[in-house]
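Here's a quick briefing to read alongside the model. Have the viewer open and follow along strand by strand.

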Amino acid sequence: SGEQAWEIVDRISSFKFQVSSFSAPAVKHAQITDGQAIIDDVVLTWFKGPNSYTGEDVVEISCHGGRYAANRILALLVENGARHAKPGEFTERAFLNGKLDLAQAEAVAGLIHARTVKAGQAAARQLQGGLSEKVRAMRNKLLDLLALLELELDFSEEDIEFESRQHRLETLNLLTGQLNELIGTFRRGRLVREGLRVALVGAPNAGKSTLLNAILQEDRAIVSPEPGTTRDVVEARVELDGIEVILQDTAGLRKSDHHIESQGITRTRKTIELADLVLLLVDESNPLLPDETILNLLGSKSVIFVQNKLDLRQKSQEIAINRPKITFFREIELSALTHEGVDRLNQALIEFLSSEDTAQAEIVVSEARHHDCLTAAAASIQRAATQLAEPTLMASDLRDAVNHLGEITGESVGESILDRIFSKFCIGK
Ligand code: GDP
């Protein structure tokens, strides 16, 4: 991509491109040669800027797969004056040349990194520009408001009011409502993008590792009859209903002066704090609950209560488990060993995922960066709404809000933010 793209490719290909005959894009079969030997049979596609991905002149070389041909051609290109792109450089150029706005450029990275169906779909929607359009509409409304306000400031001596305070307040309230609606989709957006974090919590030997394996259907966590042997959080990822579910087994939860194990308990706390959902496991044949300190952490969490080792239950046996005082999202009985009831747990996880579905919002915010900009914009607007009698202060708050929204689409964004965004890309995108 770039000014010399065609020229460089011309030097190494059998087909000499006639710039004058060019009507974009053009595709031709050609041979790549190093001047002595033919390296590969390829298809060349020429794009004339601005009608290309980057907005510059671009040539794409479709060669045969494998290591030899591609590496040899890349080396030849470099010998002839090209250089390798930095990660995300193609998309960065597309952004700088106005082919994509920043939120769309980020969606390209989202699409590349998507591991599940829904994450891919969300990124594809963002790439179409729906979020950008919404953000831009709000930003334009703010700019209109600001323009009148600044006019009023220019005429402040004459005490003219171009817009009533009441009208201004209504506009600000409307914008706050729209912003909050978007901000509210982030919970779901983050789930879709980053997955649902589920912590498996329970006394030692409750069957956490066994259950993890049952869900995974493969032996990832170590299962052992010794209490407290699961010292590390073992993570496993499965896809449920198009969304990634990250299951995290926690260390045996009990008071211990054993050094390694108490480290494990600290990590368990952290895992619970970061979890979207907790599976609280109890061995119904030996119904021990985790420590009080751990149970206290669950109060503010969504919890599924899992009564395990159902296979050990005698017919018509009454099970008396001292339940913690927590409101459970669901209660499930199962056997991690025989897998009986594990499908009910999967079902409950799917229900939990759909309960998080914020009204099937069409446009969902999935980037933490966008969420933070929207939240900052909402705060600035809130401040502006309390400054109706102080046009100068109000104008300054509105300008802040305009800038925060502009950071999402890239109208107002610093170089350091751009660097951070594009460095997350893979090479060649
Ligand atoms: P953890 O400490 O909570 O991770 O518990 P483990 O998964 O290591 O299980 C402790 C012991 O209980 C192992 O011997 C498992 O085989 C056994 N176990 C786990 N789940 C069940 C179950 O549903 N039924 C029976 N009978 N045994 C189970």
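Six strands line up as an open sheet in the order S5-S6-S4-S7-S8-S9, with mixed pairing. Strands here are DSSP runs of E with at least two residues, helices are runs of H or I with at least four, and both are numbered from the N terminus; two strands pair if DSSP finds at least two bridges between them. This is a predicted model, so local features need pLDDT of at least 70 and side-chain atom pairs count only at pLDDT 80 or more, while totals for chains, interfaces and linings use all residues. Residues are numbered from 1 along each chain as its sequence is written, and side-chain values use heavy atoms, with hydrogens and water left out.

- Strand S4 (residues 196-202) pairs with strand S7 (residues 277-283) in the parallel sense over five bridges, and Gly-202 has Leu-281 as its bridge partner in S7.
- Helix H12 (residues 342-355) packs on this sheet and touches S4, S5, strand S6 (243-249), S7, strand S8 (303-308) and S9. The direction of H12 makes about 165° with that of S9; contact means heavy atoms within 4.5 Å.

**A look at S6**

- S4 and S6 also pair in the parallel sense over five bridges, with Ile-246 of S6 as the bridge partner of Arg-197.
- S5 and S6, by contrast, pair in the antiparallel sense over seven bridges, and Val-234 stands opposite Asp-249 in S6.
- S5 and S6 form a hairpin with two residues between them, and Asp-241 in the turn has a positive phi of about 55°.
- How many of the residues of S6 are buried? Seven of its seven are, where buried means under 20% relative accessible area with a 1.4 Å probe, protein chains only.
- Ile-243, Val-245, Leu-247 and Asp-249 point one way from S6, while Glu-244, Ile-246 and Gln-248 point the other way.

**Nonpolar cores**

- The largest nonpolar core has 34 residues, and Val-198, Leu-211, Leu-279, Ile-304 and Leu-345 touch the most other members. A core is a set of buried Ala, Val, Leu, Ile, Met, Phe, Trp, Tyr and Cys residues joined through side-chain atoms within 4.5 Å.
- H12 gives the most to this core, with six residues.
- Leaving out residues up to four places away in sequence, Leu-211 touches Leu-200, Leu-279, Leu-281, Leu-334, Ala-336, Val-342 and Leu-345.
- A second, separate core has 31 residues, including Phe-186, Ile-363, Ala-384 and Val-402.

**The three-stranded sheet**

- Three strands make an open, antiparallel sheet in the order S1-S2-S3.
- Strand S1 (26-33) and strand S3 (58-62) are the edge strands, each pairing on one side only.
- The twist in this sheet averages 35° from one strand to the next.
- Strand S2 (residues 38-47) and S3 run antiparallel, joined by five bridges, and Thr-45 stands opposite Glu-60 in S3.
- Helix H2 (residues 67-79) packs on the sheet, touching S1, S2 and S3, and its direction makes about 65° with that of S2.
- Helix H1 (residues 5-12) lies across S1, S2 and S3, running at about 35° to S3.

- Leu-310 is in the loop between S8 and S9 and counts as buried at 13% relative accessibility.
- Leu-310 and Gly-341 are 31 residues apart in sequence, and 8.8 Å apart in space, C-alpha to C-alpha.
- Thr-176 is found in helix H7 (residues 165-184) and is buried, with a relative accessible area of 10%.
- Not counting residues up to four places away in sequence, Thr-176 touches Ile-381 and Gln-382.

**Whole chain**

- The protein chain has 15 helices and nine strands.
- Buried residues make up 46% of its 429 residues.

Notes:
Axes fitted to C-alpha atoms, helices over the stretch in contact; angles between N-to-C directions. Buried < 20%, exposed > 50% of the residue type's maximum accessible area, 1.4 Å probe, protein only.
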